Amino acid sequence: MTMIDIEIIVNGAKRAVRTEPHRKLLKVLREDLNLTGTKDGCSQGDCGACLVIMDGKAVNSCLVLAAQADGAEIITVEGLAENGELSNLQQAFAERWGFQCGFCTPGMLISSYALLLTNPDPSEEEIKRALAGNLCRCTGYKPILDSVQMAAETTKEKNI
Ligand code: FES
Ligand code: FES
């Protein structure tokens, strides 16, 4: 079996991994690096539970091969907390009940984080577009929209 050595920067720390080249970044994160916040909902790019930030953009980690991630900078949901405290965005999800079972929440947070990085004051339509690739079977989506709106409002003076 062919193995490759890759190096990725995950949540600010350099991590070296030996893996099969076709293995998914999602598996590398969850199984090799024990970052299980990133979820495996469908394994085929349909649900958004596996989203991470890769070189500044939200990507479905179930569609990224380990070989493609070599040298990349990755932020997972674990990387959103600041000094062990929930980020403004995470706090807004908690306060506005932006989750129920929580399975979709890491992906929702990553999509919202990516949106607010480039658009700190999004309209409702822009939030809906940003979350179009995220499926939730519990919340009905309204509390999630409210959470992102609250995060945008409270982030105007602070960093997300
Ligand atoms: S697990 Fe990747 S999109 Fe569903
Ligand atoms: S909170 Fe359960 S899937 Fe979204």
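The largest nonpolar core in this predicted model has 24 residues. A nonpolar core is a set of buried Ala, Val, Leu, Ile, Met, Phe, Trp, Tyr and Cys residues joined through side-chain atoms within 4.5 Å. Buried means under 20% relative accessible area, exposed means over 50%, and partly exposed lies in between (1.4 Å probe, protein chains only). This is a predicted model, in which local features need pLDDT of at least 70 and side-chain atom pairs count only at pLDDT 80 or more, while totals for chains, interfaces and linings use all residues. Residues are numbered from 1 along each chain as its sequence is written, and side-chain values use heavy atoms, with hydrogens and water left out.

**Cores**
- Leu89, Phe93, Met108 and Leu131 have the most contacts inside the largest core.
- β3 (51-54), α3 (88-95), α4 (105-118) and α6 (142-155) each give at least two residues to this core. Helices (H or I, at least four residues) and strands (E, at least two) are DSSP runs, numbered from the N terminus.
- α4 provides the largest share, seven residues.
- A second, separate core has 16 residues, including Ile6, Val28, Ala66 and Ala69.
- Which residues does Met108 contact, leaving aside its neighbours within four places in sequence? They are Phe93, Leu131, Asn134, Leu135, Cys136, Tyr141 and Ile144. Contact means heavy atoms within 4.5 Å.

**Helix α6**
- The 14 residues of α6 should span 20 Å at 1.5 Å a residue, and its end C-alpha atoms are 20 Å apart, which agrees. The expected span is 1.5 Å times one less than the number of residues.
- Ile144, Leu145, Asp146, Ser147, Val148, Met150, Ala151, Ala152 and Thr155 are the buried residues of α6.
- The cover over these buried residues includes α3, α4 and α5 (124-130).

- β1 (residues 4-10) and β2 (residues 13-19) pair in the antiparallel sense over seven bridges. Two strands pair if DSSP finds at least two bridges between them.
- Ile4 has Thr19 in β2 as its bridge partner.
- Two residues separate the strands of this hairpin.
- Asn11 lies in the loop between β1 and β2. Its phi is near 50°, a positive value in a residue other than glycine.
- Asn11 is partly exposed, with a relative accessible area of 29%.

**Asn34**
- Asn34 is in the loop between α1 (25-32) and β3.
- Asn34 is not a glycine, yet has a positive phi of about 60°.
- Asn34 counts as exposed, at 61% relative accessibility.

How values were computed:
Chains lettered and ligands numbered in written order.
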